[in-house]
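Biologist: Could you walk me through a few spots in this model, with the cut-offs spelled out as we go?

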Amino acid sequence: MSRIVLHAPFAGWLAPLAEVPDPVFADGMMGEGVAIDPLEPVVRAPCDAEVSALPASRHAVTLRLANGAELLIHVGLETVALGGEGFTAHVAPGQKVATGDPLLCFDLDLVARRAKSLLSPIVAIGDGFGFAPLAPGRAVAAGEEIGAVTGEGRADADASGEALSAEVAVGAAHGIHARPAAKIAAAAKGFAAEIRLAANGKSADARSPVALMALGLGQGERAILTARGADVAAALAAVAAAVEQAEAAPPAPAAQAPTAAPAHADALRGICAAPGFAVGPAARLALAEIRVEEKGRGEAAERSALVAARAALGAQLLGAGGIAEAQAALLDDPELVAAAEAELAAGRSAGFAWRAATEASANALRATGNPLLIERIDDLHDIERQLLAALAGESVAIRDLPEGAILLADALLPSQLLALDLGRVGGIATARGGATSHAAILAAAAGVPMLVALGDGLAAIAEGAVLILDADAGTLMAAPDAEALAAAGRRVDERRRQRAAEVAAAAEECRMADGTRIEIFANLASAEEAARAVAAGAEGCGLLRTEFLFHDRPAAPSEDEQAAAYAEVARALGGRPLIVRTLDAGGDKPLPYLAMPPEDNPALGLRGVRLSLARPDLLAAQLRAILRAAPAGDLRIMVPMIVDLAELRAVRAALAAEAAALGVVAVPLGVMIETPAAALLAASIAAEADFLSVGTNDLSQYALAADRGNPATAARIDALHPAVLRLVAAAGEGARAHGRWFGICGGVASDPLAAAILIGLGATELSATPAAIPALKAAVRGLDLVGCQALAARALTAADAAEVRALARGAIR
């Protein structure tokens with residue numbers, strides 16, 4: 001088996017591909033790989049290769065490796081919509097590149113603001129090829145090993161037998177780029193036939209996302225699709241549907257509202273680099289200049305000193321983790337080292353040589369005029385200062401700060417921030433710098449509010465002056481009056497106590513102020529999420545989405561694979577309740593191996609339980625896997641998209657049959673209330689269902705006739721709309737009539753503002769995102785049932801969602 005080692009194309013945070021917020025990548029539709037959240041704007045070749053594809057938008061580049069695999073490096077998500085803005089290519093298709101050669105440059109700030117995400121997938125494409133990642137979940141420097149592409153490729157498709165052709169028109173809004181190419185390839189892989197798409201004198205294997213992207217087809221352009229071999233009619237129909245499937249363009253970023261002028265005359269205005277609010281004394285960062293001698297003691301001695309200092313500092317930075325590790329790469333930057341070597345050869349000292357090399361590189365970055373590259377000058381000077389300190393045997397430690405200090409600086413370097421006792425820092429304010437600087441990233445990760453670009457006025461603030469830093473509002477109040485200071489102090493103290501109390505109490509079971517027990521569960525899609533949820537205080541899993549096992553693959557997962565995955569989640573929950581939702585696919589979430597025809601109204605089509613009942617083999621295998629996964633006492637099964645009792649009865653019969661075959665007890669079987677029909681028929685459904693749980697996401701879009709996937713209508717969807725709440729109330733009444741457990745597992749359950757209303761409508765369980773659990777528990781503990789019921793009754797009579805939210809805010813004041 002061929003194995004090609006890959007090196008990071010840029011510095012940043014190395015993450016598992018599953019964390020990419022796009023199922024085309026996260027679920028492996030494009031292939032196996034990793035992702036990096038970039039900290040620098042240059043994409044370099046991760047190995048020796050040939051450039052095989054470069055779209056006109058320059059947002060991605062594909063390399064052909066020596067073993068035949070194609071490697072896609074995709075900068076950010078939905079960046080094709082930028083139309084090439086902010087991207088510069090340094091290579092062309094057919095060009096040979098060596099490890100470390102620059103491939104692309106991009107405007108990091110622009111892409112960060114306008115892309116769906118900066119997380120950049122790196123994916124091995126091609127049947128028979130895999131990706132072995134090397135320890136994702138860590139910071140990496142450019143050029144550091146991140147994994148390997150393995151495999152030899154797969155045999156060609158069957159090209160013998162009957163051939164059929166059809167003319168197709170590309171439906172995707174931005175043409176055939178990564179996402180539609182992956183979907184077309186996934187559809188083609190479900191058939192043995194050879195399938196090709198041809199246009200403009202070029203032809204592409206429909207199984208190859210890279211080849212499909214290389215056709216350069218835009219929306220509405222026509223091409224000839226040909227299938228030859230077995231099952232050609234079905235293959236042609238399925239792939240044609242994938243080519244012609246419309247894909248909405250991502251919504252344009254909302255225009256930023258103009259920021260209001262500071263409410264206080266003495267307030268400075270800056271840019272929020274890390275959110276938060278702080279009050280404290282001004283403490284100015286003042287660093288003494290490190291002096292260096294120009295003349296050296298001889299080239300050999302100075303070279304030896306520089307090598308030793310670089311090695312020592314590199315080891316220190318690599319041990320510090322995070323951005324410090326990425327900075328360590330600058331110590332071995334070939335241009336910096338070569339420039340320093342030239343100075344040493346001219347008789348300069350090691351310190352003078354490195355300072356001269358640094359300044360030359362800084363000047364080159366300034367000359368670009370690119371604000372993102374100019375921000376990186378701080379990193380050069382940071383490394384310079386640390387290296388000069390190492391050469392001189394000095395320390396770069398920062399002065400001791402008063403408790404809660406607002407640190408003032410012209411600019412703040414990452415090493416300076418790392419040297420601070422952040423427990424004593426209330427906030428940070430700098431005269432210059434940018435919101436995407438490494439120091440800003442570190443401040444945000446540490447939870448320290450930070451303002452940048454405050455300007456020359458920062459220099460006029462006296463040491464020790466009391467400041468109010470409101471990063472969210474972008475203001476630094478330099479001379480607050482007594483009233484403003486008192487209000488700010490109360491705000492800081494209240495939020496600090498609230499946050500600490502929420503986290504400290506998160507592990508305790510949740511009870512309302514009157515003693516009513518409310519379970520706080522988590523919505524999950526993996527064992528990793530389950531572990532994080534338990535640490536955040538989750539008391540169980542209210543919704544395990546099983547689709548992560550089924551989507552974007554050429555065949556359904558086996559029973560054994562499913563059982564192992566569900567068992568891993570159950571182990572992570574440590575005996576806490578686990579509610580597993582059966583497959584919710586079909587319609588707008590098609591499975592390529594089912595070759596389903598396109599639907600005009602996919603949200604109303606063959607999805608959820610309808611698909612499971614149409615494919616009893618899939619349902620039976622999933623039910624067996626769930627029954628094998630965990631002790632019966634910990635486990636419940638929930639069925640999605642139920643409309644009436646007939647569907648529930650069919651699933652219960654299947655569950656009873658599989659339980660009998662395995663010789664186990666059939667676990668509780670419940671219904672996910674997400675259609676208006678199920679909510680209105682909740683009383684009859686609850687007569688036979690073991691529990692009900694409301695999925696407010698789909699219920700809201702159906703009730704409000706607004707597609708949550710459509711940018712033009714998604715903003716209209718609010719689960720606190722009184723129409724949706726009346727359906728939730730009907731479901732609660734139905735559950736209560738038969739003494740059934742009643743929960744909420746939609747997105748609104750994560751909102752502490754909604755908790756009182758949902759509980760007032762009858763919910764005794766809320767299933768939220770893991771990160772929301774501490775605050776949600778704290779909100780519920782302050783409620784009483786009578787008050788919740790009264791608020792819910794008022795909400796049902798409100799005119800719209802805005803009125804409901806106003807009622808909810810008024811109730812918690």
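The questions below go through rings, strands, a helix and a loop residue.

Modeller: Happy to. This is a predicted model, where local features need pLDDT of at least 70, side-chain atom pairs count only at pLDDT 80 or more, and totals for chains, interfaces and linings use all residues. Residues are numbered from 1 along each chain as its sequence is written, and side-chain values use heavy atoms, with hydrogens and water left out.

Biologist: What kind of aromatic pair do Phe691 and Trp741 form?

Modeller: Rings of Phe, Tyr and Trp (its six-membered ring) pair if their centres lie within 6.5 Å; planes under 30 degrees apart are stacked, over 60 edge-to-face, and the rest tilted. By this rule there are 2 aromatic pairs. For Phe691 and Trp741 the centres are 5.6 Å apart and the planes stand at 90 degrees, so the pair is edge-to-face.

Biologist: Which strands hold Phe691 and Trp741?

Modeller: Strands (E, at least two residues) and helices (H or I, at least four) are DSSP runs, numbered from the N terminus. The two residues are 50 apart, and the pair links distant parts of the chain: Phe691 is in S32 (residues 691–694) and Trp741 in S33 (residues 741–744).

Biologist: How many bridges join S21 to S25?

Modeller: Two strands pair if DSSP finds at least two bridges between them. One of the links here is Pro281 with its partner Val466 in S25. S21 (residues 277–284) and S25 (residues 466–470) run antiparallel, and the number of bridges is 5.

Biologist: How many residues of H24 are buried?

Modeller: Buried means under 20% relative accessible area, exposed over 50%, and partly exposed in between (1.4 Å probe, protein chains only). Among the buried residues of H24 are Leu753, Ile757 and Gly760. The helix spans residues 752–760 and is mostly covered, with a buried count of 8 of its 9 residues.

Biologist: Is Glu539 buried or exposed?

Modeller: Glu539 lies in the loop between helix H15 (527–535) and strand S28 (541–545). Because its relative accessibility is 12%, Glu539 counts as buried.

Biologist: Which side chain makes a polar contact with the side chain of Glu539?

Modeller: A polar contact is a pair of N or O atoms within 3.5 Å; within protein, one must be able to donate a hydrogen and the other to accept it, and residues adjacent in sequence count only if both atoms are side-chain atoms. At 3.1 Å, the partner of Glu539 is Lys777.
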